[in-house]
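Q: I have a model open and want to go through it with you. Can we start with the terms and then move to the details?

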Amino acid sequence: MIVRDLWSAVKAAVICGLLSAVLGKLLFALLSLIFFFPILITGPLGVFLVQTFVNTVLLMVTENLVDGVRFQRWRTALWAAVGLTLLQMVVAAAQ
């Protein structure tokens with residue numbers, strides 16, 4: 001991941017957070033309906049995979065909206081999404 005400066009990182013964090021709050025929940029609900037049976041079979045792993053996919057999409061959208069933040073490869077965005085999903089699960093469990 002390439003970040004040009006601190007201000008670009010702050011803008012990316014704010015935009016990604018807003019996208020996650022608005023679009024992320026809608027996208028997760030839609031994908032959960034589409035992949036209901038695989039999620040039902042795999043349980044928490046299926047939920048984790050769908051949430052990771054949603055976070056990857058949101059990170060890629062953020063990359064396109066914010067000038068100064070770029071992922072070198074899609075795999076980098078995927079690994080960032082895995083970390084973000086794990087962090088979201090820890091925060092949700094702590095509440």
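A: One cut-off before anything else: a residue counts as exposed when its relative accessible area is over 50%, and as buried when that value is under 20%. Also keep in mind that this is a predicted model.

Q: Where does Leu 18 sit, and is it buried or exposed?
A: Leu 18 is in helix H1, which covers residues 6-34. Leu 18 is exposed, because its relative accessibility is 55%.

Q: Which nonpolar surface patch is Leu 18 part of?
A: The patch is made of Leu 6, Trp 7, Val 10, Val 14 and Leu 18. Together these residues have about 550 Å² of accessible area.

Q: Let's step back. What is the secondary structure of the chain, and in what order do the elements run?
A: The chain has four helices and two strands. Starting at the N terminus, the order is β-α-α-α-β-α.

Q: What about the overall dimensions?
A: Along the principal axes, the C-alpha atoms fill a box of roughly 45 × 30 × 20 Å. The accessible surface of the chain is about 6,500 Å², with 77% of that belonging to carbon and sulfur atoms.

Q: How much of the chain is buried?
A: Of the 95 residues, 29% are buried.

Q: And what share of the contacts is between residues 24 or more positions apart?
A: Counting contacts with a separation of 6 or more, 67% are between residues 24 or more positions apart.

Q: What does Leu 31 touch, leaving aside its neighbours within four places in sequence?
A: Leu 31 is in contact with Val 50, Phe 53 and Val 54.

Q: What is Gly 24 in contact with, leaving aside neighbours within four places in sequence?
A: Leu 19, Val 54 and Leu 58.

Q: What polar contact does the Asn 55 side chain make?
A: The side chains of Asn 55 and Gln 88 are joined by a polar contact of 3.0 Å. Leaving aside neighbours within four places in sequence, Asn 55 is in contact with Ala 81, Leu 84, Thr 85 and Gln 88.

Q: And Thr 52, buried or exposed?
A: Thr 52 lies in helix H3, and with 5% relative accessibility Thr 52 counts as buried.

Q: Which side chain does Thr 52 have a polar contact with?
A: The side chain of Thr 85, at 3.4 Å. Not counting residues up to four places away in sequence, Thr 52 touches Leu 78, Ala 81, Val 82 and Thr 85.

Q: Change of topic. How many salt bridges does the structure hold?
A: One. It joins the side chains of Arg 4 and Asp 67, at 3.5 Å from N to O.

Q: Which parts of the chain does that pair tie together?
A: Arg 4 is in the loop between strand S1 (2-3) and H1, and Asp 67 is in the loop between H3 and strand S2 (69-70), so the pair ties together parts 63 residues apart in sequence.

Q: How accessible are Arg 4 and Asp 67?
A: Arg 4 is exposed, with a relative accessible area of 54%. Asp 67 counts as partly exposed, at 47% relative accessibility.

Q: Last one: where is Arg 75?
A: Arg 75 is in helix H4, residues 74-94, and counts as partly exposed at 44% relative accessibility. From C-alpha to C-alpha, Arg 75 and Thr 56 are 9.4 Å apart in space, and they are 19 residues apart in sequence.

Notes:
Residues are numbered from 1 along each chain as its sequence is written. This is a predicted model: local features need pLDDT of at least 70, side-chain atom pairs count only at pLDDT 80 or more; totals for chains, interfaces and linings use all residues. Side-chain values use heavy atoms; hydrogens and water are left out. A polar contact is a pair of N or O atoms within 3.5 Å; within protein, one must be able to donate a hydrogen and the other to accept it, and residues adjacent in sequence count only if both atoms are side-chain atoms. Contact means heavy atoms within 4.5 Å. Patches are made of residues with over 30% relative accessible area and no salt bridge: like charges are joined within 9 Å, nonpolar side chains (Val, Leu, Ile, Met, Phe, Trp, Tyr) within 5 Å. Accessible areas come from the Shrake-Rupley method with a 1.4 Å probe; for residues, only the protein chains shown count as cover. A salt bridge is a side-chain nitrogen of Lys or Arg within 4 Å of a carboxyl oxygen of Asp or Glu. Buried means under 20% relative accessible area, exposed over 50%, partly exposed in between (1.4 Å probe, protein chains only).
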